[in-house]
Amino acid sequence: RQTLFWSDDLTLNYRAHEIAPHNVNATTSLAAAVAQRGMDATAMALYQQVLAAQPTFWRANVNLAYLHYAHGNYPESARFFARACVSDSTDGDQFLYLGISLLRMGRLSEAEQAVHTALLVRPQGKNYHLGLALVLRGEEKLPEARREVEAELALDPQNPQAKTLFDK
């Protein structure tokens with residue numbers, strides 16, 4: 001009977017949440033399984049439930065931020081990426097996405113700072129130099145933006161976005 005709970009991630013994580021509804025790991029895992037099936041609104045509600053209990057829980061903050069980013073809600077994605085960055089400053093991707101969220105909101109100097117931090121955390125990060133180039137282009141710092149495109153192409157010569165950034 002117990003093996004039925006292991007049939008898939010959603011069933012397993014639902015059972016874990018059912019057994020321990022106040023456990024942030026169980027609820028966050030359920031939210032991730034729900035999001036993986038495209039039920040973003042339910043996943044967001046579950047992440048919010050976790051964050052109501054433990055506002056600094058990194059995994060819930062970063063996963064909720066990615067969901068908001070995917071839906072184009074850049075103010076909320078920036079808010080949750082910023083919280084995730086404070087909770088754990090070792091993930092370069094969250095700084096990159098924070099920077100791009102801020103860029104989309106027109107907060108260019110903050111965006112530049114966030115992407116610079118991403119590069120400090122992970123100097124070889126895929127698309128990190130490209131992200132900085134986008135911000136610098138927005139700030140009309142074109143020579144610096146071109147150098148960042150060159151740096152991205154040095155890491156990934158076939159990067160189509162980097163190859164065409166200044167064609168637009």
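Predicted model: local features only at pLDDT ≥ 70, side-chain atom pairs only at ≥ 80, totals over all residues.

**A walk through the helices**

Residues are numbered from 1 along each chain as its sequence is written, and side-chain values use heavy atoms, with hydrogens and water left out.

Now to the chain as a whole. The protein chain has 10 helices and 0 strands. Here helices (H or I, at least four residues) and strands (E, at least two) are DSSP runs, numbered from the N terminus. Along the principal axes, the C-alpha atoms of the protein chain fill a box of roughly 65 × 30 × 25 Å. Of its 168 residues, 40% count as buried. Buried means under 20% relative accessible area, exposed means over 50%, and partly exposed lies in between, with a 1.4 Å probe and protein chains only. The accessible surface of the protein chain comes to about 9200 Å², and 55% of that surface belongs to carbon and sulfur atoms; such areas come from the Shrake-Rupley method with a 1.4 Å probe, and for residues only the protein chains shown count as cover. Among contacts in the protein chain with a separation of 6 or more, 44% are made by residues 24 or more positions apart, where contact means heavy atoms within 4.5 Å.

Let me return to H3. This helix comprises residues 40–53, 14 residues in total, and reaches 20 Å from its first C-alpha to its last, close to the 20 Å expected at 1.5 Å a residue. The expected span is 1.5 Å times one less than the number of residues. Which residues of H3 are buried? They are Asp-40, Ala-43, Met-44, Leu-46, Tyr-47, Val-50 and Leu-51. These residues lie on the same side of H3, because they cover an arc of only 165 degrees around the axis; the arc is that of the directions from the helix axis to the C-beta atoms. On the other side of H3, Ala-41, Ala-52 and Ala-53 are exposed.

Leu-64 is placed in helix H4 and counts as buried, at 0% relative accessibility. Leaving aside neighbours within four places in sequence, Leu-64 is in contact with Met-44, Tyr-47, Gln-48, Leu-51 and Phe-80. The C-alpha atoms of Leu-64 and Gln-48 are 8.0 Å apart, although 16 residues separate them along the chain. His-68 is also found in helix H4, and at 9% relative accessibility His-68 counts as buried. Beyond its neighbours within four places in sequence, His-68 is in contact with Met-44, Asn-73, Glu-76, Ser-77 and Phe-80. Between the C-alpha atoms of His-68 and Ala-53, 15 residues apart along the chain, the separation is 20 Å.

Further along, Gln-94 sits in helix H6 (residues 92–104). Is Gln-94 buried or exposed? Gln-94 is buried, with a relative accessible area of 0%. Apart from neighbours within four places in sequence, its contacts are Trp-58, Val-62, Tyr-66, Phe-81, Ala-84, Cys-85, Asp-88 and Ser-89.

I turn now to helix H8 (residues 128–138). Because 8 of its 11 residues are buried, H8 is largely enclosed by the rest of the structure. The buried residues are Tyr-128, His-129, Leu-130, Gly-131, Leu-132, Ala-133, Val-135 and Leu-136. They pack against H6, helix H7 (108–121), helix H9 (142–155) and helix H10 (160–164).

Finally, consider the loops on either side. Most residues other than glycine have a negative phi. Asn-127, which is not a glycine, has a positive phi of about 70 degrees. Asn-127 lies in the loop between H7 and H8 and counts as partly exposed, at 22% relative accessibility. Glu-140, likewise a residue other than glycine, has a positive phi near 65 degrees. Glu-140 is placed in the loop between H8 and H9 and is exposed, with a relative accessible area of 69%.
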